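Hi,

Here is the model I said I would pass on. Have a look at it first, and then read my notes below.

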Amino acid sequence: MGYNGERRDRVDATATAGLAGKRILLGITGGIAAYKAAELARLVVKAGADLRVVMTASACRFVTPVTMQGLSGNPVYTDMWDPGVPNNMAHIELSRDRDLIVVAPATADFMAKLAHGLADDLLATLCLARECPLAIAPAMNRQMWEHPATQRNLATLRADGIAVFGPAPGDQACGEVGMGRMLEAAEIFAELAAMTGPKRLAGKRVLVTAGPTFEPIDTVRGITNLSSGKMGFAVAQAAAEAGAEVTLVAGPTPLAAPPGVARRDVVTAREMHDAVMGLAPRADVFVAVAAVSDYRVANPRQTKLKKDGGPPRIELTENPDILAAVAALPQAPFCVGFAAETENLREYAQAKRRKKGVPLLAANLAHEAFGRDDNALTLFDDAGEHALARAPKIVLARKLVAHIAAMLGKR
Ligand code: C5P
């Protein structure tokens, strides 16, 4: 998640540490994006991982096993019946000693196979026989991606706990433009590094709020805001990757919960408040990313408002401040606030941090953050301010989580 289609070929050097010494299996299926798998193999090997490559018959039409053998420094497997594998059990042998399997590109056909547990070639079989985590980087024409069958399979794969990297929107090999382009090799590499990276929040319980709230005016209308939930969902994902037990309290958003994250859906600020206050006493860390409505309608109508009679008078009343309430608990978790401002970011953010009584506050400019896949953040804490340059929200979320873990370590 979190990529907007721009090329990002640079690799964050600090992200490579987790892959050193890891045993990775790269599966390649038959799509034009297979050429990017060669670069991915190079990055993974350069990071110090032991890489094995398995290719389907179609993949061999796009890149050669010789290329992948040269880059991985290991024999490449393409055949279920390879007599060179001990016991003739390539599917078992190849999957059992791996820390992670990544299939890039994963075609629509391969996703369908995985979703249904088919095992009619070496790669599909070893994915079924594996004991380690599995990630896929889909790549296909936009119509194939948007087809209800592919979307059904995608939902099944996510529900099965398979990590899905991308795809991104952009130019496609067929000449069309749309969703389905495989992430760049460096982007897939960053996802792998995050999955295998240090578990900085192992043993911690992290509670995150995300998305907008919706305050009813009548039975069909309400007050809400433009928050997409993407930043909060990215924080939840980054915390889960860092080994935390994560609960995400989400306002109305169509986003899918990241793998391994428990989700509570709420609509209004008061529902979010009640859910959070129930969970906060057990939490070690609370990250309030949600754009909570400051006000709600005092007396929402139980029927649809009619136009006759002139414009209605809508009386507003204040909502509870969830973050301030959690920060004021006697055994408060480590609290992190977010501030979306339209101007004077520094002064407003510092003032908000003091007013809410939180040790860490992440500030962004609302018009540069809401609804977008990327963002730029400035972190404010007792030590001063730390600028995080514009990047996909998941990249920023991982940096925020690393900062939280470092602050927790010093407490
Ligand atoms: O005061 P403001 O809404 O700008 O503060 C933003 C921060 O406070 C965010 O972390 C947001 O999730 C949190 N907040 C809250 N409850 C509210 C309003 C804001 O938890 N009612």
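A word on the ground rules. This is a predicted model, so I kept to pLDDT of at least 70 for local features and 80 or more for side-chain atom pairs, while totals for chains, interfaces and linings use all residues. Residues are numbered from 1 along each chain as its sequence is written, and side-chain values use heavy atoms, with hydrogens and water left out.

Overall fold

The protein has 15 helices and 20 strands (DSSP runs numbered from the N terminus: H or I of at least four residues for helices, E of at least two for strands). Its radius of gyration is 23 Å, close to the 22 Å from the globule rule for 411 residues, so it is as compact as a globular protein of that length (C-alpha atoms only; the rule is 2.2 Å times the number of residues to the power 0.38). The C-alpha trace spans about 80 × 55 × 35 Å along the principal axes.

Of the 411 residues, 50% are buried (under 20% relative accessible area; exposed is over 50% and partly exposed in between, with a 1.4 Å probe and protein chains only). The protein exposes about 19000 Å², with 52% of it coming from carbon and sulfur atoms (Shrake-Rupley, 1.4 Å probe; for residues, only the protein chains shown count as cover). Among contacts between residues at least 6 apart in sequence, 68% join residues at least 24 apart (contact means heavy atoms within 4.5 Å).

Helix H11 (residues 269–279) has Ala269, Met272, His273, Ala275, Val276 and Leu279 as its buried residues. These pack against strands E9, E10, E12, E13 and E14, and against H12.

Ala405 sits in helix H15 (residues 393–410) and counts as buried at 13% relative accessibility. Leaving aside neighbours within four places in sequence, Ala405 touches Arg200 and Leu201. Lys199 is 206 residues from Ala405 in sequence, yet their C-alpha atoms are 9.7 Å apart.

Another cis bond runs from Gly166 to Pro167, where Pro167 is in the loop between E6 and E7. Asn344 has a positive phi of about 40° although it is not a glycine. Asn344 lies in the loop between E17 and H13 and is partly exposed, at 39% relative accessibility.

The ligand

Which residues are around the ligand? They are Ala288, Ala290, Val292, Asp294, Pro320, Asp321, Ile322, Leu323, Gly337, Phe338, Lys352 and Lys356 (each with a heavy atom within 4 Å of it). By class the shell has 7 nonpolar, 1 polar and 4 charged residues (Ala, Val, Leu, Ile, Met, Phe, Trp, Tyr, Cys and Pro are nonpolar, Asp, Glu, Lys and Arg charged, and the others, Gly among them, polar). H12 (322–327), E17 (334–341) and H13 (345–356) each supply at least two of the shell residues.

A backbone N or O atom of Pro320 is 2.8 Å from a ligand nitrogen, and one of Leu323 is 2.8 Å from a ligand oxygen. In the side chain of Lys356, an N or O atom lies 3.0 Å from an oxygen of the ligand. Taken alone, the ligand exposes 440 Å², and the protein buries 87% of that.

Cheers

Terms used: Polar contact = N/O pair within 3.5 Å; in protein donor to acceptor, adjacent residues only side chain to side chain.
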